[in-house]
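Here are my notes on this one, as promised. Have a look at the model first, then read on.

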Amino acid sequence: MRISVLLTAACAFVFQQARGAEMPGLMPLPAKVSPAEGALRIDQTFRISLAGYGEPRLRAYAERLVARLARQTGLPLPAWPEGEPAQATLAIRCERAGEPAPSLREDESYRLEVTPRQAILSAATPVGAMRGMETFLQLVAPERESFSAPAVLIDDRPRFPWRGLVIDVARHYIPVEVLERNIDAMAAAKYNVLHLHISDDQGFRIESKRFPKLHQMGSDGVFYTQDEIRRLAGYARERGIRVLPEFDMPGHTTSWFVGHPELASQPGPYRIERHWGKHFPTIDASREETYEFFEAFLAEMAALFPDEYFHIGGDEVNPKHWSENARIQAFIRERKLNDNQGLQAYFNRRLQAILRKHGKKMVGWDEILHPDLPKDIVVQSWRGQKSLAAAARQGYQGMLSYGYYLDLMQPASAHYRIDPMDKDAASLTPEERSRILGGEACMWTENVSAETLDARTWPRAAAIAERLWSPQDVTDVDSMYRRLARISRHLDWLGLTHNSSYRIMLQRLAGDAPVESLQILADVLEPVKGYVRNRSNPTQQTPLNRLVDAARPESDTAREFAGRLERLVAGTASAGERREIREKLASWRDNHARLAPVLERSFLLQEAEPLSKDLAAVGAAGLEALDYLESGKHPPEPWAKERLVFLDQAKQQRAHLLLMVVAPVRQLVEAAAR
Ligand code: ACM
């Protein structure tokens with residue numbers, strides 16, 4: 001009797017501890033989480049209150065919280081189920097007005113105390129309250145009879161004030177409604193900067209009333225009107241998110257020159273560039289007329305975007321057109337600018353002076369770093385962590401994007417391991433470290449369309465959001481993946497299509513055939529990594545409707561399978577896990593027979609045939625290895641050799657896709673041969 005009571009108590013204690021570490025399945029993990037006893041019941045009696053400083057966007061956010069809660073739980077809640085602060089299920093208190101516009105200086109801290117009686121959310125500012133509301137929603141989970149939020153005390157604030165997501169709307173135009181739902185997702189993950197890469201060689205995506213030929217001739221007719229931009233910035237402000245505009249200059253500017261060839265360093269004519277990569281057309285930084293243009297253009301754009309910062313790009317300037325222009329080279333000599341780099345620094349200084357007149361601070365990619373520039377600019381490091389530390393050492397503020405390129409199709413764990421304060425930054429003085437403002441994830445869209453943007457960005461971007469919000473010692477990758485799976489479902493409920501589009505795209509590829517066997521294959525595929533796909537020379541007109549476009553950047557099936565196999569090889573897999581491994585291998589072995597007729601009938605799917613065949617052979621090899629391992633028999637000498645030769649071939653990319661279960665099965669074969 002005593003023993004069983006003790007055991008129950010011990011179990012309860014262990015359970016609490018586990019729940020404490022994991023609970024509340026939050027992402028990003030708050031700065032401080034103290035689990036407590038019990039839970040707050042969430043049912044039809046849910047009431048909310050707002051007290052203290054109030055403003056319309058705070059009330060609107062709270063109303064959306066109620067709507068999301070109703071959708072998440074199915075509880076029939078009125079639009080505004082108001083209660084007295086002392087009795088409300090969720091009592092929100094905001095102390096004061098924050099910054100008038102979303103700002104780097106915003107206080108985003110909040111405190112959320114959930115007891116079995118009530119949840120009390122207190123924040124200094126409306127934006128802090130918004131961050132806390134997202135945390136509250138993440139706590140709500142179904143129980144046997146109703147819904148509940150576990151009792152907990154959360155004291156939270158971001159580690160970095162600059163937590164951004166770059167969306168490249170130039171390579172592929174991304175419609176406003178897609179941007180809006182991504183802003184919703186950003187708010188859920190506690191991002192606070194949407195960085196729009198508005199112009200590049202392949203498109204100029206914003207209406208200029210002053211220079212209408214820019215968007216009329218440089219955008220194929222797909223651009224944002226100024227009204228749309230104002231509404232978008234308002235939508236972001238309602239969620240405590242800044243909108244940072246980037247006009248990439250003086251390289252990456254072909255689309256500008258279609259309507260304004262006089263800005264270019266060579267006479268033209270120019271056409272919108274359809275290929276990806278680094279191109280030669282470059283703004284003529286030597287002509288005074290160029291700066292007259294920018295006086296007017298930047299005045300227009302500075303007034304349109306409320307943010308205090310303005311990004312001028314500055315990356316990958318290919319100086320060929322400068323070098324070939326005798327007048328530009330003479331200008332460099334006369335002004336003692338040394339070389340083309342000196343000319344770019346001169347150009348940046350001129351732009352910076354214009355932006356300053358409009359109250360803007362300049363941001364640029366790390367190539368802009370030059371001792372001639374004033375210290376109030378921000379450097380965005382994309383070429384490595386070294387340049388971030390170098391900027392901080394020279395007195396510049398900076399933020400990190402190196403390691404956060406979502407278009408490279410790396411797993412969430414790879415991004416998660418990159419920390420702005422690691423590597424070269426680790427040796428900075430405290431003052432230098434304080435110049436590191438945070439970082440930005442980057443979603444470049446060479447191979448991404450409006451249809452695939454969500455799935456290329458989420459849920460992996462949430463892992464980067466955690467790196468930028470949570471304390472530096474939050475590094476447990478297994479915990480991250482468990483919580484990432486949960487926030488991924490939350491994002492579905494917000495209207496993101498990162499999960500739903502997968503099935504839709506697979507079904508489209510399969511045509512009238514059942515999609516199940518195609519999904520078994522697709523579940524273990526990932527797009528080829530890095531820029532390999534670009535080497536096959538796709539263009540802006542290449543359709544993005546192939547299996548590689550449907551395949552997820554990170555295969556959960558393969559990752560989970562690899563984890564089980566690792567435990568199997570180490571001898572720690574449970575009986576259930578061993579059964580699952582066998583079932584998976586068998587389902588792969590048997591899949592090709594069902595999938596082959598589907599592939600044959602589809603023009604788009606024929607390229608996947610070798611992958612499907614190989615998956616069957618990988619499954620068969622894995623099952624043989626498993627049989628050897630479990631029976632304790634040693635395989636004959638050539639068996640392992642042949643399987644390993646095959647597996648090394650099967651891990652090559654085909655149709656820009658990788659079979660992600662080859663590596664774990666190879667481990668299994670090696671283990672069987674030992
Ligand atoms: C960049 O990726 N060129 C900023």
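1. Strand 12 (residues 309–313) has five of its five residues buried, so the rest of the structure largely encloses it. Buried here is under 20% relative accessible area, with a 1.4 Å probe and protein chains only; strands are DSSP E runs of at least two residues, numbered from the N terminus. Tyr309, His311 and Gly313 point one way, Phe310 and Ile312 the other, and all are buried. Keep in mind that this is a predicted model: local features need pLDDT of at least 70, side-chain atom pairs count only at pLDDT 80 or more, and totals for chains, interfaces and linings use all residues. Residues are numbered from 1 along each chain as its sequence is written, and side-chain values use heavy atoms, leaving out hydrogens and water.

2. What sits beside strand 12? Strand 11 (residues 242–249) runs parallel to it, joined by two bridges, and Glu246 has His311 as its bridge partner. Strand 13 (residues 361–365) is also parallel to strand 12, with three bridges; here Phe310 partners Met362. Pairing takes at least two DSSP bridges.

3. On confidence, the mean pLDDT (the predictor's per-residue confidence, from 0 to 100) is 95, and 96% of residues reach 70 or more. Over residues 1–21, though, the pLDDT is below 50.

Technical notes
Buried means under 20% relative accessible area, exposed over 50%, partly exposed in between (1.4 Å probe, protein chains only). Helices (H or I, at least four residues) and strands (E, at least two) are DSSP runs, numbered from the N terminus. Contact means heavy atoms within 4.5 Å.
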